[in-house]
Amino acid sequence: MDEILEILEGINPDIDFETCDTLVDDGILASLDIVSVIAELSDAFDITIPARDIVPENFNSAEAMYAMVQRLLDD
């Protein structure tokens, strides 16, 4: 989880990623930010995030991203 928080803070250090759970729904992360997050998560965890997983529910919070990464690591 710490690595995901570091990635997110590197993209926008002004957001409280530990508590926010509407990152996509409220437009806090723009589409280019999501592309950056996907690239960073892919590199950091050596995973491929399939198109079916690129949905707001998986990127609305750091916890949701962590759950998605864990699920992809288990596959």
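Start by selecting Ile11, which lies in helix 1 (residues 2-11); helices here are DSSP runs of H or I with at least four residues, strands are runs of E with at least two, and both are numbered from the N terminus. This is a predicted model, in which local features need pLDDT of at least 70 and side-chain atom pairs count only at pLDDT 80 or more, while totals for chains, interfaces and linings use all residues. Residues are numbered from 1 along each chain as its sequence is written, and side-chain values use heavy atoms, with hydrogens and water left out.

**Stop 1: Ile11**

Ile11 has a relative accessible area of 24% and is partly exposed, because that term covers values between buried (under 20%) and exposed (over 50%), with a 1.4 Å probe and protein chains only. Now show Asp33, Ser36 and Val37: Ile11 touches these, not counting residues up to four places away in sequence. Contact means heavy atoms within 4.5 Å. Then pick Phe59, 48 residues from Ile11 in sequence; C-alpha to C-alpha, the two are 14 Å apart.

**Stop 2: the whole chain**

Along the principal axes, the C-alpha atoms fill a box of roughly 30 × 25 × 20 Å. Of the 75 residues, 39% count as buried.

**Stop 3: Asn58**

Select Asn58 in helix 3 (residues 56-59). Asn58 is buried, at 11% relative accessibility. The Asn58 side chain reaches the backbone oxygen of Asp53 at 2.8 Å. Leaving aside neighbours within four places in sequence, Asn58 is in contact with Asp53, Ala64, Met65, Met68 and Arg71.

**Stop 4: Asp53 and Arg71**

Which residue forms a salt bridge with Asp53? Select Arg71: the closest N and O atoms of the pair are 3.0 Å apart. The pair links distant parts of the chain, 18 residues apart, with Asp53 in the loop between helix 2 (31-45) and helix 3, and Arg71 in helix 4 (residues 62-74). A salt bridge is a side-chain nitrogen of Lys or Arg within 4 Å of a carboxyl oxygen of Asp or Glu. A search of the whole structure finds one. Asp53 is buried at 9% relative accessible area, whereas Arg71 is partly exposed at 36%.

Notes:
A polar contact is a pair of N or O atoms within 3.5 Å; within protein, one must be able to donate a hydrogen and the other to accept it, and residues adjacent in sequence count only if both atoms are side-chain atoms.
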